[in-house]
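Please look over the sequence and the fold shown here before reading on. The report is meant for someone meeting this structure without any background.

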Amino acid sequence: MAANDVDAPIRADALLVSTLRHFALHGLNAAAEARRLTLLAHERGDRDQSHHWRAVCRQLDRRMADAIGSPRRR
């Protein structure tokens, strides 16, 4: 039996799925778009969406996501 053959159904990671869908829509500009959405959600006071988009940005470009908190980069 192969090591990857299991009886349990495969669970997709929600963040990975969201990131891949976002990348499919925005291509190489996906990290910058996720950064923009992070900042918009933050301005609206939507903490959950801000955290979500920052996590998506981090999956695509860690340095860009880390720079979101820096006032110089806004």
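## Basis of the report

This is a predicted model, in which local features need pLDDT of at least 70 and side-chain atom pairs count only at pLDDT 80 or more, while totals for chains, interfaces and linings use all residues. Residues are numbered from 1 along each chain as its sequence is written, and side-chain values use heavy atoms, with hydrogens and water left out.

## Overall fold

The secondary structure consists of four helices and zero strands, giving the pattern α-α-α-α along the sequence; helices (H or I, at least four residues) and strands (E, at least two) are DSSP runs, numbered from the N terminus. Of the 74 residues in the protein, 26% are buried, where buried means under 20% relative accessible area, exposed means over 50%, and partly exposed lies in between (1.4 Å probe, protein chains only).

Among contacts with a separation of 6 or more, 47% join residues 24 or more positions apart, a contact being heavy atoms within 4.5 Å. The accessible surface comes to about 5,900 Å², and 52% of it belongs to carbon and sulfur atoms; such areas come from the Shrake-Rupley method with a 1.4 Å probe, and for residues only the protein chains shown count as cover.

V56 lies in helix α3 and counts as buried because its relative accessible area is 0%. Leaving aside residues up to four places away in sequence, V56 touches L15, S18, T19, H22 and A34. The C-alpha atoms of V56 and L16 are 8.1 Å apart, although 40 residues separate the two along the chain.

T19 is buried at 5% relative accessibility, and beyond four places in sequence T19 touches V56, Q59 and L60.

## Salt bridges

The count comes to three salt bridges, each being a side-chain nitrogen of Lys or Arg within 4 Å of a carboxyl oxygen of Asp or Glu. E33 and R36 meet at 2.7 Å, N to O, and they are separated by about one helical turn because they stand three residues apart in helix α2. E33 is buried at 14% relative accessibility, whereas R36 is partly exposed at 40%.

R44 pairs with D46, with the closest N and O atoms 3.8 Å apart; R44 is exposed at 57%, and D46 is partly exposed at 28%. R58 pairs with D66, where the closest N and O atoms are 3.1 Å apart, and R58 is partly exposed at 32%, as is D66 at 45%.

F23, L28 and L60 form a nonpolar surface patch with about 330 Å² of accessible area together. Patches are made of residues with over 30% relative accessible area and no salt bridge, like charges being joined within 9 Å and nonpolar side chains (Val, Leu, Ile, Met, Phe, Trp, Tyr) within 5 Å. F23 belongs to helix α1 (residues 14-26) and is partly exposed at 38%.

The largest pocket is lined by 12 residues, with T38, H42, S50, H51 and R54 nearest its centre. α2 (30-44) and α3 (47-60) each supply at least two lining residues, and α3 gives the most, with four. On a 1 Å grid over the protein atoms alone, a pocket is an open set of points where a 1.4 Å probe fits, with protein on both sides within 12 Å along at least five of seven lines, and lining residues have an atom within 4 Å of a point.
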